[in-house]
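I opened a new notebook page for this protein.

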Amino acid sequence: MPKLLYLVHGMGVHGKGWDSDVIDRLTTLPATFGYQWFADHEGLGASVRLVPVSYDEAFADLLGQWDRSSEALSDFTQKHGIAVPDLLGWLHDVNEEEGKFFWSHLVDVLLYRFVPTVTARVRTAVKEQIATAMLEASSDDNEIVQTSVLAHSLGTSVAHDALALLATQPTEQGNRRLMIENHHFEHLFMLSNVSRVLETSPEVYESAVRPPGAGGASYLNWYYNFQHRFDPFPAVKPFAPVGWGRRYRAVLDGEERIDFHAHDFLDYLDDPQVHIPIYRALFGNDAVTSAEAEQALTSYAMRPLPPCAGELDSLRMRVEQIIALASVSGTPTSLIIAGAQFLAAAREAADACI
C-alpha cells in the first residue's frame, strides 16, 4: 500500500491543479540528477501517493469585499479590533509593485493570522482534507497508512495548526483514530517555515507537533526544517527549537548565490540539500547513494547563473536589508511587509535581467 505525502501550498491563489507542477518536480528530479533507485522501483509514484491540500478559498469572501482597497481593509481592522497600524501606514504609501504583491500574496498571511473566523475555517478545512484521505486509504483491517506532510511558506503555519487539531480532536464525524493516542505522522517537511512568527495557540514549541526527544507528547516521528539563506520569510522569526534531539533535522542553505525565486516551492525542491533528505526519509538512504548525493550537490552548485550579475548583486544587498530590518521586530506585520518588498524586488531584478 503506497504511503501518503500531503502537499500543502503557501500564500497566493492556488486554483484547481495547483499541485501539478510540484508533483511533476518531485517525480522528475530523480531522473534529472540520476538517482538510480527510482528507476529500479518504477518511479516515485509506485511507492507514495501525493495528495494536494488546499485552503485559499477561505480567503475569497473578504478579498471580494475589499476589492484591493486599503480603505476597506482599514475600516475592517478598526471594526474588528485588529491592531496593525504599522501595516496600514505602510500600505497607504506603498509603491505599486509592492502593493500588487500584498494583494496577490501577503494579504493571505494577514487574513490567516489576524481574522479568527478565517483562521478557524482554514484549519478545519485542512484538518478534514488530511483526515478524509487518510481514512479512505486505510487497509481492510483499518490500519492507517504511513503519512507525511510537505508544506511551504504560509502552508507551514497552516499545517502545524491543522496537525495540532488532529492530534487533540476527533474529526467532524467523531472519528478518534487519528488522535495522538492512536496515530503518529511519520515525517513533517517544512520549507520556508513561518509557523513561529504566525503562531497563535498552540504555540509551535509547545504543541504536540514535534518528534520524540523534543520533550512532551509527540505527534511526529521526524521533523525536517529547510530554510534558504536569501529567503526573508523564515528569517523574520526563525523556527529554531533547542534540545529537540536527533529526530529534528534543520537544513540552512548557506550558499552565497542568490536567484530570483529564493522563496518558491519549486526552487526549494530543486536544491539537493532539500530533496535528498526528503527522498531518503520517505524511501530509505538507498534512495540516493552517497556518490549520487555528492554529484548532485556539485552539479547544482555549478548551475549557470543568469547573465545579469549586477541585478543579482543588487538583489542580494536589498534582500539582506529586508531581512535585517524585519528580523528586528519579528512580528507578523513585519513578515507581511518584508514579504511584499522581497517579491517586488525579485520581480524587478528578474525583469531587468531579460
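**Entry 1: confidence**

pLDDT is the predictor's confidence in each residue, on a scale from 0 to 100. I need that term here, since this is a predicted model. I looked up the average first. The protein has a mean pLDDT of 93, and 99% of the residues score at least 70. Then I went through the elements. Which has the lowest mean pLDDT, and which the highest? Helix α3 (residues 60-66) has the lowest, at 89. Strand β4 (residues 185-191) has the highest, at 98.

**Entry 2: strand β3**

I turned to strand β3, which covers residues 147-152. Is β3 enclosed or open? Six of its six residues are buried, so the rest of the structure largely encloses β3. I checked each face in turn. Thr147, Val149 and Ala151 are buried on one side. Ser148, Leu150 and His152 are buried on the other. Both faces of β3 are therefore covered, given that buried means under 20% relative accessible area.

Next I looked for the partners of β3. Strand β1 (residues 3-8) runs parallel to β3, and five bridges join the two.

**Entry 3: salt bridges**

Side chains of opposite charge can pair when their charged atoms come close. I counted such pairs with a cut-off of 4 Å between nitrogen and oxygen. How many salt bridges are there? The count is six. I wrote down three of them, as follows.

Arg347 and Glu97 form one, with N to O at 3.9 Å. Arg347 is partly exposed, with a relative accessible area of 41%.

Asp161 and Arg123 form another, and their closest N and O atoms are 3.0 Å apart. Asp161 belongs to helix α8 (residues 154-168) and Arg123 to helix α7 (residues 116-136). The two residues are 38 residues apart, and the pair links distant parts of the chain. Asp161 and Arg123 are both buried.

Lys127 and Glu128 make a salt bridge at 4.0 Å, N to O. Buried or exposed? Lys127 is buried, and Glu128 is buried as well.

**Entry 4: pockets**

I began with the largest pocket. Its volume is about 640 Å³. I found 25 residues in its lining. Nearest its centre lie His14, His105, His152, Asp264 and Phe265.

Helices α1 (20-33), α6, α10 (265-270) and α14 each supply at least two residues. I sorted the lining of the largest pocket by class: 13 residues are nonpolar, nine are polar and three are charged.

The second largest pocket holds about 230 Å³ of space. It is lined by 16 residues, and Glu255, Ile258, Asp259, Asp267 and Arg303 are the closest to its centre. The lining of this second pocket divides into seven nonpolar, two polar and seven charged residues.

Definitions and conventions:
Residues are numbered from 1 along each chain as its sequence is written. This is a predicted model: local features need pLDDT of at least 70, side-chain atom pairs count only at pLDDT 80 or more; totals for chains, interfaces and linings use all residues. Side-chain values use heavy atoms; hydrogens and water are left out. A salt bridge is a side-chain nitrogen of Lys or Arg within 4 Å of a carboxyl oxygen of Asp or Glu. Buried means under 20% relative accessible area, exposed over 50%, partly exposed in between (1.4 Å probe, protein chains only). Helices (H or I, at least four residues) and strands (E, at least two) are DSSP runs, numbered from the N terminus. On a 1 Å grid over the protein atoms alone, a cavity is a set of points where a 1.4 Å probe fits but cannot get out, and a pocket is an open set with protein on both sides within 12 Å along at least five of seven lines; lining residues have an atom within 4 Å of a point. Grid points are joined across faces, edges and corners, and a volume is the space filled by probe spheres set on the points. Ala, Val, Leu, Ile, Met, Phe, Trp, Tyr, Cys and Pro count as nonpolar, Asp, Glu, Lys and Arg as charged, and the others, Gly among them, as polar. Two strands pair if DSSP finds at least two bridges between them.
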